[in-house]
Amino acid sequence: DPVIELNTLSTTYTWIRRYVDEIINPRSGNVIELEGTVGASGTQWDKTFVSGYGRIAQYFPIGQRDVLIVRGELGAVAADTTNVVPNRFLFRTGGSTSVRGYDYESLGVNQGGAIVGGRALTVASVEYVHWLQRWGGNWGIAGFVDVGDAADTFRDLDPAVGVGVGVRWRTLAGPLAVDVAYGEREKQ
């Protein structure tokens, strides 16, 4: 197999807006993150790439204590080939902060038995957290459904579904989550 070495010059701009009632334990509002990258691997125009990524988490208060969290991610890379794009700018998903029920970054392009990054990403998630009144109101239970995939093109996406439940504990640094999820694609 040939070794690909990329000497890349790139610039990335990230913008994050937090419009929530509480920074640490939000119940209403949203967090929006947008990121754009322009890069060149070499001196020729056919070795340039542009990457865009967006993420939103919307919080809806339910009743006195509960919260519904709706999250979405979308990413795309414009390049003639992934060979000119460093792996850091390609997309993989799966794991505790994306599609639960799958190993970390295990969803992507299957290339020779290895999962590598792709030029397209979509993730959507719905989570309901019920905060218990017992134990000072700092413990909760959650149920969620995550759907997403990363591929070389948006047409190649085959969204994987993860369904699960979890326990939440409010701390001074934000909620600590312990989840158990079933990955429908892998049947585990």
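I began with charges and rings, and noted that the charged end of Arg100 sits over the ring of Phe144, 3.6 Å from its centre. I count a charge as sitting over a ring if NZ of Lys or CZ of Arg is within 6 Å of the ring centre and within 35 degrees of the ring normal. The charged end of Arg170 likewise sits over a ring, that of Trp131, at 3.9 Å from the ring centre.

A note on the source: this is a predicted model, in which local features need pLDDT of at least 70 and side-chain atom pairs count only at pLDDT 80 or more, while totals for chains, interfaces and linings use all residues. Residues are numbered from 1 along each chain as its sequence is written, and side-chain values use heavy atoms, with hydrogens and water left out.

**Overall layout**

I then looked up the secondary structure, and the chain comes to zero helices and 10 strands (DSSP runs numbered from the N terminus, helices being H or I of at least four residues and strands E of at least two). The C-alpha trace spans about 60 × 35 × 25 Å along its principal axes. Of the 188 residues in the chain, 35% are buried, where buried means under 20% relative accessible area, exposed over 50% and partly exposed in between, with a 1.4 Å probe and protein chains only. Among contacts between residues at least 6 apart in sequence, 57% join residues at least 24 apart, a contact being heavy atoms within 4.5 Å.

**The sheet**

Which order do the strands of the open sheet take? I read it as β1-β2-β3-β4-β7-β8-β9-β10, eight strands with antiparallel pairing, two strands being paired if DSSP finds at least two bridges between them. β1 (8–20) and β10 (174–183) stand at the edges with a single partner strand each, so one side of each is left without a neighbour in the sheet. Neighbouring strands are turned by 15° against each other on average, direction ignored; the axes behind this value are lines fitted to C-alpha atoms, for helices over the stretch in contact, and angles run from 0 to 180 degrees between N-to-C directions.

Going through the pairings, I found that β2 (residues 29–41) and β3 pair in the antiparallel sense over 12 bridges, with Glu35 opposite Tyr53 in β3. β3 and β4 also run antiparallel, joined by 13 bridges, and here Gly54 stands opposite Leu74 in β4. The hairpin of β3 and β4 has three residues between the strands, and in it Gly63 takes a positive phi near 65°. For β8 and β9 I noted antiparallel pairing over 10 bridges, and Ile141 stands opposite Val167 in β9.

**Aromatic pairs**

How many aromatic pairs does the structure hold? There are three, where rings of Phe, Tyr and Trp (its six-membered ring) pair if their centres lie within 6.5 Å, and planes under 30 degrees apart count as stacked, over 60 as edge-to-face and the rest as tilted. Tyr53 lies in strand β3 (residues 48–62) and Phe91 in the loop between β4 (66–78) and β5 (109–111), so the pair ties together parts that are 38 residues apart in sequence. Tyr53 and Phe91 are both buried.

Trp139 and Trp169 have ring centres 5.7 Å apart and planes at 20°, so this pair is stacked. The pair links distant parts of the chain, with Trp139 in strand β8 (residues 139–151) and Trp169 in strand β9 (residues 160–171), 30 residues apart. Trp139 is partly exposed at a relative accessible area of 33%, and Trp169 is partly exposed at 36%.

**Single residues**

Ser41, in strand β2, counts as buried at 6% relative accessibility, and its side chain reaches the backbone oxygen of Val84 at 2.7 Å.

Terms used. A polar contact is a pair of N or O atoms within 3.5 Å; within protein, one must be able to donate a hydrogen and the other to accept it, and residues adjacent in sequence count only if both atoms are side-chain atoms.
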